[in-house]
Amino acid sequence: MKGHSVRKGHAMTIPGGAVYGATFALLWTLVGSCILSWLIHTERVQEEATGYGSLIILLTASILSALLSYSIIKRQRVVACMSAGGVYLLMLMAITAMFFGGQFTGFGVTALVILGGCAVAIFLSMEHGNRKTGKGRKIRI
């Protein structure tokens with residue numbers, strides 16, 4: 001029989017970590033969009049670069065949100081990263097439905113960029129052995 005169990009870590013549940021990661025991604029997207037619009041307004045970047053800039057913003061937001069989500073959850077790397085990307089994608093779909101009248105033109109590319117960024121974050125979060133001893137560690141996905 002177990003006595004008092006004391007929480008020893010600060011890990012969060014998967015839905016909570018996914019919401020934190022997606023909220024960070026949404027804030028990163030807003031800040032990146034403001035910076036991109038300022039660069040276009042001051043004519044440092046041409047208007048034709050808007051598509052590339054928004055893809056870069058989406059990719060970095062999804063990678064950073066997935067890494068943040070995994071660092072908060074601290075277990076189940078694939079589930080943590082993909083759930084953060086899924087919640088972020090749902091948030092973007094809700095914003096598109098509210099403000100743009102539900103015109104999801106080109107949203108498949110957005111979904112692929114976000115899920116691809118989460119896949120990159122999965123591989124970035126893997127541990128690659130012990131650097132002190134030089135012995136490698138088997139990587140399990």
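This is a predicted model: local features need pLDDT of at least 70, side-chain atom pairs count only at pLDDT 80 or more; totals for chains, interfaces and linings use all residues.
How do the residues of the lining of the largest pocket divide into nonpolar, polar and charged?

1. Lining by residue class. The lining of the largest pocket divides into 11 nonpolar residues and nine polar ones, with no charged residue.

2. The largest pocket has a volume of about 510 Å³. It is lined by 20 residues, and those closest to its centre are Leu-58, Leu-92, Thr-96, Phe-100 and Phe-107.

3. Elements around the pocket. Two or more lining residues are given by each of helix H1 (14-41), helix H2 (50-73), helix H3 (77-99) and helix H4 (107-124). H1 provides the largest share of the lining, five residues.

4. Glu-43. This residue sits in the loop between H1 and H2.

5. Lys-74. A positive phi also occurs at Lys-74, about 65 degrees, although the residue is not a glycine. Lys-74 is placed in the loop between H2 and H3.

6. Aromatic pairs, Phe-24 and Trp-28. The count of aromatic pairs comes to two. In the pair of Phe-24 and Trp-28, the ring centres are 6.1 Å apart and the planes stand at 35 degrees, so the pair is tilted; stacked would need planes under 30 degrees apart, and edge-to-face over 60. Both residues belong to helix H1 and are four residues apart, about one turn of the helix. Phe-24 counts as partly exposed because its relative accessibility is 31%, and Trp-28, at 36%, counts as partly exposed too.

7. Aromatic pairs, Phe-104 and Phe-107. Here the ring centres of Phe-104 and Phe-107 lie 5.7 Å apart with the planes at 75 degrees, so the pair is edge-to-face. Phe-107 has a relative accessibility of 14% and so counts as buried, since buried means under 20%. Phe-107 is also one of the lining residues closest to the centre of the largest pocket.

Note on methods
Residues are numbered from 1 along each chain as its sequence is written. Side-chain values use heavy atoms; hydrogens and water are left out. On a 1 Å grid over the protein atoms alone, a cavity is a set of points where a 1.4 Å probe fits but cannot get out, and a pocket is an open set with protein on both sides within 12 Å along at least five of seven lines; lining residues have an atom within 4 Å of a point. Grid points are joined across faces, edges and corners, and a volume is the space filled by probe spheres set on the points. Ala, Val, Leu, Ile, Met, Phe, Trp, Tyr, Cys and Pro count as nonpolar, Asp, Glu, Lys and Arg as charged, and the others, Gly among them, as polar. Rings of Phe, Tyr and Trp (its six-membered ring) pair if their centres lie within 6.5 Å; planes under 30 degrees apart count as stacked, over 60 as edge-to-face and the rest as tilted. Buried means under 20% relative accessible area, exposed over 50%, partly exposed in between (1.4 Å probe, protein chains only).
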